[in-house]
Amino acid sequence: MTFATPTISRSGHSVSATASDFAVAAGRWTGLSVLARLAARFAEYRQKQRMIAELEALDDRHLKDIGMVRGEIWHRVYHRDQYDRMRDAALRPPTRS
């Protein structure tokens with residue numbers, strides 16, 4: 001199971017582009033910005049639907065291995081940034097007072 005995103009290389013930096021990045025960029029465009037934002041939002045929606053389909057295809061044992069139960073698939077996909085922040089905070093070393 002892979003969640004691949006295209007990679008954009010810019011002057012030696014490798015940045016992973018997501019549909020939400022395109023939505024932000026589309027908001028700055030002039031002219032067809034409404035259509036561009038709509039297309040970016042639809043692309044982001046389709047990406048989330050594919051992620052849900054991949055996770056729902058797994059059996060309960062595999063979901064347990066990655067720390068998830070079937071009932072929280074939708075929430076984890078649609079609130080992915082919240083879980084990323086929690087994971088990053090857990091990986092940081094504790095600060096001493």
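## Burial and surface

Of the 97 residues in the chain, 19% are buried, where buried means under 20% relative accessible area, exposed means over 50%, and partly exposed lies in between, with a 1.4 Å probe and protein chains only. The chain exposes about 7,900 Å², and carbon and sulfur atoms supply 57% of that area, which comes from the Shrake-Rupley method with a 1.4 Å probe.

## Basis of the model

This is a predicted model, in which local features need pLDDT of at least 70 and side-chain atom pairs count only at pLDDT 80 or more, while totals for chains, interfaces and linings use all residues. Residues are numbered from 1 along each chain as its sequence is written, and side-chain values use heavy atoms, with hydrogens and water left out.

## Fold and confidence

Along the sequence the chain follows the pattern β-β-α-α-α-α-α, with helices (H or I, at least four residues) and strands (E, at least two) taken as DSSP runs numbered from the N terminus. The mean pLDDT, the predictor's confidence in each residue from 0 to 100, is 77 for the chain, and 66% of its residues reach 70 or more.

Confidence is highest in helix α3 (residues 60–65), at a mean of 94, and lowest in strand β1 (residues 7–10), at 47. Over residues 5–10 the pLDDT is below 50, although this stretch has 14 contacts in the model beyond near neighbours in sequence, a contact meaning heavy atoms within 4.5 Å. Where pLDDT is low, the predicted coordinates should not be read in detail.

## Residue K48

K48 lies in helix α2 (residues 33–57) and is buried, with a relative accessible area of 15%. Leaving aside residues up to four places away in sequence, K48 touches V77 and Y78.
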